[in-house]
Amino acid sequence: MINKDQFLEFALSKFLKFGSKRFTLDDLAHELGISKKTIYENFKGKEEIIRESLTTLLNRLRSEINQCVEKEKSDPILTIISIYRIGLDTFKSFSPNFLRSLKKYYPNVYRLFNDFREREVSVLVKDLLSSAQDKGQIRQDVNLSLTYQLYFNRMEHILYAEKTNFFEKFTPEELLNHVIINNLRGISTKSYLDKNDSVFLS
C-alpha cells in the first residue's frame with residue numbers, strides 16, 4: 001500500500017496529464033487498485049486531493065527556486081533565467097486543460113497556484129530585475145514594470161494559448177531562449193553583455 005505522499009504524487013501526475021475535471025476518483029481508485037472508500041477514509045473528496053497534490057508541487061517548486069536564488073545570488077539575470085528554466089521544466093508536464101479546468105471547476109484551488117505565481121514568483125522576478133538594473137546589468141532607460149508585464153508575466157498565456165500548445169512543437173530550452181533569454185539580452189547593458197554574452201548563447 002502506498003503512503004500519502006506517494007498517493008498525492010500519483011494523483012498529481014494524472015491530474016496534470018488529463019485535467020483536474022476529466023480524471024475522476026473512480027479512475028484514480030482503479031489505477032491504484034484500491035477502493036474509492038479507501039480514498040474517502042483519507043480525504044474528504046476530490047477537491048481536497050487536488051489541493052494537497054498541488055500544494056506538494058508548489059512546495060517543491062518553492063524549494064527549487066530558493067536553491068537557485070542562493071546559488072546565483074550574485075547575478076540577478078542568471079537567477080531569473082534559472083527560475084524560468086525550473087518553471088518550463090515543470091510546465092512541460094501540464095496538460096493545457098489542467099489550469100483551465102482548475103480555474104473553472106476548482107477556483108479555490110486555482111487560487112493557490114495564482115497566489116504562488118503573483119505573490120511569490122512575480123514579486124521575486126520583479127525584485128531581481130530591479131537588482132539587475134541597480135547593478136548595471138540592465139539599462140537604466142528600461143521600464144521594468146512594463147517589461148515585466150509584456151514579457152515575463154505572460155508565460156502561461158503564451159504557452160497554453162487556446163489553439164496552440166507550444167510544448168508540442170518546441171523544447172523547454174527553445175521556449176526559454178525565445179520567451180525569456182532573448183528579452184533579457186535585449187535589455188542588458190553593453191558592459192554586462194561584453195562580460196557575460198556566453199550566458200545568452202549557451
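**Helix pairs in close-up**

**View 1. Contact residues of helix 6 and helix 7 in the predicted model.** From helix 6, L99, L102, K103, K104 and Y105 meet P107, V109, Y110 and F113 of helix 7, where contact means heavy atoms within 4.5 Å and helices are DSSP runs (H or I, at least four residues) numbered from the N terminus. Sorted by class, this contact holds 7 nonpolar, no polar and 2 charged residues, with Ala, Val, Leu, Ile, Met, Phe, Trp, Tyr, Cys and Pro counted as nonpolar, Asp, Glu, Lys and Arg as charged, and the others, Gly among them, as polar. This is a predicted model, in which local features need pLDDT of at least 70, side-chain atom pairs count only at pLDDT 80 or more, and totals for chains, interfaces and linings use all residues. Residues are numbered from 1 along each chain as its sequence is written, and side-chain values use heavy atoms, with hydrogens and water left out.

**View 2. Crossing of helix 6 and helix 7.** The axes of helix 6 (residues 96-105) and helix 7 (residues 107-134), which are lines fitted to C-alpha atoms over the stretch in contact, come within 6 Å and cross at roughly 125°, on a scale from 0 to 180 degrees between N-to-C directions. The two helices, helix 6 and helix 7, are therefore oblique to each other (angles under 35 degrees count as roughly parallel, over 145 as roughly antiparallel, 65 to 115 as roughly perpendicular and the rest as oblique).

**View 3. Crossing of helix 5 and helix 10.** The axes of helix 5 (residues 76-91) and helix 10 (residues 172-187) come within 10 Å and cross at roughly 150°, which makes helix 5 roughly antiparallel to helix 10. Contributing to their contact are, among them, I77, Y84 and D89 of helix 5 and P172, E173 and L184 of helix 10, and the contact residues divide into 11 nonpolar, no polar and 3 charged.
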